[in-house]
Amino acid sequence: MSTTNYIGKEISRVEGKAKVTGTAKYAAEFNVATGITYGYVVSSPVAKGKIVAVDTRQALALKGVLQIFTHENVMKTAWFDSSYQEQDSPPSGSPFRPLQSDEIQFAQQPIALVVADTFELARYAATLVHFEFEAETNLVTELELNLDKARPAKKHRFPVSKPRGDADKAFADSEFKVREEYFHGYEHHNPMEMFASTIIYNEDDTLTIYDKTQGVFNSQSYIKSVFGLSTEQARVISPYVGGGFGSGLRPQYQLFLAVLAALELKRSVKVVLTRQQMFSFGHRPATLQRVAIGADKEGKIQSIINEGFSETSQFEDYTENIVNWAGFVYDCDNTKLDHKLVPLDVFTPMDMRAPGGVTGMFALETAVDEAAYAVGMDPLEFRLKNYSEKDKNEGKPYSSKELREAYRQGAEKFGWSKRNAAVRATQEGNQLIGWGVATGCWEAMQMPGRAKAKLSVDGKLEVSSGTADIGTGTYTAMTQVAAETLGLPLEDVRFKLGDTLLPLAPLEGGSWTMASVGSAVKSVCETLQTRLLRLAKDLKDSPFAGAEKKDVTFADGKITLNGDTSKSVEYTYLMKVSGKNFIEEDTTSLPNMLKQSGYSRYTHSAVFVEVKVDEDFGAIHVTRVVNAVAAGRIINTKTSRNQVLGGTVWGIGQALYEDSIMDDQYGRFMNHNLAEYHVAVNADVHDIDVIFVEEHDDIVNPLGVKGLGEIGIVGVAAAISNAVYHATGKRVRSLPIQLDKVM
């Protein structure tokens, strides 16, 4: 039996030791021996207007202050908007250009960069830089009060699905009707690591850039385009990322400022944002949804209508896939969907874990729950009654869908059959107990990806791709795939990532990294298999002379003839006798569109939640969660469970705590710190069970994986909201569910 089977096993993180011992370096931790300088960003105190005067004299008079960059003295950069657009830019609009004009477009906009010999001096000098403004007072910052300004997106990344049937008539004719509004406000990513860029200015005038990013190639192409640099002049490295959740998909402004300063001063420069400045750029957009569901007396859904309104900035049209879920998650012949944008005086929203999905499914799953109660049917039974066997938006079957089994296993683990159907009927002392359920759904996507593999004569394998690991376990999962595919011990395999000198990889986002880069890793290792078999065939009197790959097994560091284990040869022997110190391959993996295009490809989950609500004070505790996930093949049960646990915890935070509070008079977020922007902490997290439902899918990609980064959070907020209703009898349709909403 092979000892090199690793896929599907519980493997600890291969980079774990480096992280816990502090040897893993993040963007702000790289240095040069001498000569590093420090940049400190000055943020605008006004949200909209113009800078009319700048006075830097007092700050520049300090010994050790090297330069203060403002819109008045920066170098000329690219002219066209297209030069500032990158892989995750909205498809229409004008991307923000730091320090390129006197116009203020949003609160905390960077208006100066102070560069000094020490961080402390740069920070102090920043307090001595004085600006005068012409501030506009009639700010537009509240979504719900500006729906009259709603308009379709100029270009939509996710076109809204066309109407099906006659949703309005079907709703009017339905015996049971639900028509409500659902809302959540601004939410911020708040990864533990602040955004930082360390620019090493080399003797040959090239830049080595250590950046916090979810895609080194995106940062590189942005810098090249904006500053007119060549590929050789701008190498970007990001071996470790302290959380991203989508915030690192776009290059943030500290990268622009740090590169600008390094090029102007011809010095190495480090710029790190503060926690408060982490609230100055993208966020999950505030969104209002108007959902209507009509059902007949048997509980069959007859009509679904979802009209979504979300905010964007005044200078870009940011869109998400918010409403389309309502058209296919449940079986319904009459649907009408719409999505409009409301431009506000804020920075452009940005992809945030399960963008669109977590928002759209909250409204849909809460409305579906309300419809179940209106019909008088168990919420789980109602979902099964309207189970979708086909994606009616696309008119396609699913590549695989084990959601029904997820419902079954999740309900069994949770004990759903023991649920008291009556609302506000279960109590322990002054604690009202409620149970809720919701469905989760997320796309299973694959992007083109490349990988390189180098097998040395000592039997060590190095595999590389310029992808990222934002805490998801990329290092470990790729190592597992490479080790099993080529049949090597895990400790003999090393995976490298996060460097633009490595093969091209897509952004790490959308839950597609394993499908995209993992498929490339599998492919390049299979190409090495072919090379090794060719060497085996060339042996004198080779038992593999007429063998093809299907006739042999690659495991335990050797090739073995199927059916005759005595016929085997070690890789190290093959390379020695052939005189090769190493063999190397580079492979690109592309989605098989011919195979995939006939199917809809999604990950699904069933989320079951128990809450206890204090009858007197309205305090809510999520005491139990079961999250049953059907996500295709699971590469690493340990890191996969970690992903779903993290998503579930964030779902608790979204449901109960997270809310960026806007001061509408001044147009800035008031709770821009981790003391006042509340997130779920250890005391809020109790029993969470994660179930991986077996699901085979040979359509989605060669590995059969669907991705887990997003699905863990989708459906959690709705399940909690539904449980709160079951406990209290009060339906809360606005997140977060705070004390005053249930008291």
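Asn636 caps the N-terminal end of H14, with a side-chain oxygen 2.9 Å from the backbone nitrogen of Lys638. That is a polar contact, meaning a pair of N or O atoms within 3.5 Å; within protein, one must be able to donate a hydrogen and the other to accept it, and residues adjacent in sequence count only if both atoms are side-chain atoms.

Quick housekeeping. This is a predicted model, where local features need pLDDT of at least 70 and side-chain atom pairs count only at pLDDT 80 or more, while totals for chains, interfaces and linings use all residues. Residues are numbered from 1 along each chain as its sequence is written, and side-chain values use heavy atoms, with hydrogens and water left out. As for the labels, helices (H or I, at least four residues) and strands (E, at least two) are DSSP runs, numbered from the N terminus.

Back to H14, residues 637–656. The expected span of a helix is 1.5 Å times one less than its number of residues. For the 20 residues of H14 that gives 28 Å, and the end C-alpha atoms are 28 Å apart, which agrees.

Asn636 turns up again in the surroundings of Thr476. Thr476 sits in helix H10, residues 474–486. Leaving aside neighbours within four places in sequence, Thr476 is in contact with Ile11, Ser12, Arg13, Val14, Glu15 and Asn636. Contact here means heavy atoms within 4.5 Å. Is Thr476 buried or exposed? It counts as buried, at 1% relative accessibility. Buried means under 20% relative accessible area, exposed over 50%, and partly exposed in between (1.4 Å probe, protein chains only).

Next, helix H9, residues 403–414. H9 has twelve residues and reaches 16 Å from its first C-alpha to its last, close to the 16 Å expected. Which residues of H9 are buried? They are Leu403, Ala406, Tyr407, Gly410, Ala411 and Phe414. Seen down the axis of H9, these buried residues fall within an arc of 120 degrees, so they line one face of the helix. That arc is taken from the directions from the helix axis to the C-beta atoms. If you're wondering about the spacing, an α-helix has 3.6 residues a turn, so residues three or four places apart point the same way. On the other side of H9, Glu412 and Lys413 are exposed.

What do the buried residues of H9 pack against? Their partners are helix H8 (379–385) and strands E18 (431–443), E26 (602–614), E27 (620–630) and E30 (687–692). Just after H9, Gly415 takes a positive phi of about 85 degrees.

Now the rings. A search of the whole structure finds 28 aromatic pairs. Rings of Phe, Tyr and Trp (its six-membered ring) pair if their centres lie within 6.5 Å; planes under 30 degrees apart count as stacked, over 60 as edge-to-face and the rest as tilted. Take Phe96 and Phe106: they are edge-to-face, 5.0 Å centre to centre, with 75 degrees between the planes. Both Phe96 and Phe106 are buried. Compare Phe414 and Trp416, whose ring centres are 6.3 Å apart and whose planes are at 45 degrees, so that pair is tilted. Phe414 is buried at 3% relative accessible area, and Trp416 is buried at 6%. There is also an aromatic cluster made of Trp325, Phe328, Tyr398, Trp442 and Tyr602.

Arg404 lies over the face of Tyr387, at 4.0 Å from the ring centre, and the charged end of Arg731 sits over the ring of Tyr725, 4.1 Å from its centre. The rule is that NZ of Lys or CZ of Arg is within 6 Å of the ring centre and within 35 degrees of the ring normal.

Phe245 is in the loop between strand E10 (234–237) and helix H6 (253–265). Its phi is near 60 degrees, a positive value in a residue other than glycine. Phe245 is partly exposed, at 28%. Asp541 also isn't a glycine, and has a positive phi of about 55 degrees. Asp541 is found in the loop between helix H11 (513–537) and strand E22 (552–555), and it counts as exposed at 72% relative accessibility. And which residues does a cis peptide bond join? Leu735 and Pro736, with omega about 0 degrees.
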